[in-house]
Each structure stands twice: as structure tokens, then as C-alpha cells.
Amino acid sequence: AHVVWKEDWRGWEDFLGVCLSFEKGQQVASALKGIETEEDYLNLIKSKTILDNDIASRLPYRPDLKYKNEWLGWDDFLTGK
């Protein structure tokens, strides 16, 4: 795959659509414009408007469940604070 898509290759995790680590997911989620609440986040994910080539497409639908061991709440996840 890294030969065929040399120009676009970003690694196997990206190619396979593997969810981001908590730290990277938090970083990506906190950079989403206009997403300040759990409702905002879930509506965005449900809307399926995030393009496949956008790293945000690898965010989990329920980060509170996916990252349960690291989870400190929606405010922490969406602001990185």
C-alpha cells in the first residue's frame, strides 16, 4: 500500500481507519471548530460530514467509552484542559 499510494501514505493505522490514541484524539477533538459540548461532538460524528482523508474521521463515536481509562469528562476531551 505504501508503494501504490506513495504520495498519500500516512501509515497503516490511517489506512485501516484505526481510532486515534487518547492523546491524539483529544488534540484533534479540541481543534474542531464550533464543537464545545458532548451534543456538538455527537452531532458532528453522526452527520458524517468529516471527510475520510481528515484525521478527525478517526475519532471514535463514543470517546467516553473508547478511552474509559483516560476519560476525565467531555470538557477535558474537547478543550484539552
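R58 lies in the loop between helix 3 and helix 4 (63-66). Helices here are DSSP runs of H or I with at least four residues, numbered from the N terminus. At 10% relative accessibility, R58 counts as buried. Buried means under 20% relative accessible area, exposed means over 50%, and partly exposed lies in between (1.4 Å probe, protein chains only). R58 and L20 are 38 residues apart along the chain, yet their C-alpha atoms are separated by 6.0 Å.

The model is predicted: local features need pLDDT of at least 70 and side-chain atom pairs count only at pLDDT 80 or more, while totals for chains, interfaces and linings use all residues. Residues are numbered from 1 along each chain as its sequence is written, and side-chain values use heavy atoms, with hydrogens and water left out.

The protein chain has 5 helices and 0 strands. From the N terminus on, its elements run α-α-α-α-α. Of its 81 residues, 35% count as buried. A contact means heavy atoms within 4.5 Å. Among contacts between residues at least 6 apart in sequence, 57% join residues at least 24 apart.

Helix 3 has a buried side. Y41, L42, L44 and I45 are buried in this helix. Seen down the axis of helix 3, the buried residues fall within an arc of 160°, so they line one face. The arc is that of the directions from the helix axis to the C-beta atoms. An α-helix has 3.6 residues a turn, so residues three or four places apart point the same way. The face turned away from the buried side of helix 3 carries the exposed residues E39 and K46. Helix 2, helix 4 and helix 5 are included in what covers the buried residues of helix 3. Just after helix 3, K48 takes a positive phi of about 55°.

The largest nonpolar core holds 18 residues. Such a core is a set of buried Ala, Val, Leu, Ile, Met, Phe, Trp, Tyr and Cys residues joined through side-chain atoms within 4.5 Å. Y41, L59, F77 and L78 touch the most other members. Helix 2 (22-30), helix 3 (38-47) and helix 5 (74-79) each supply at least two residues of this core. Helix 3 gives the most, with 4 residues. Leaving aside residues up to four places away in sequence, F77 touches F22, G25, Q26, A29, S30, Y41, L59, P63, Y67 and W71.
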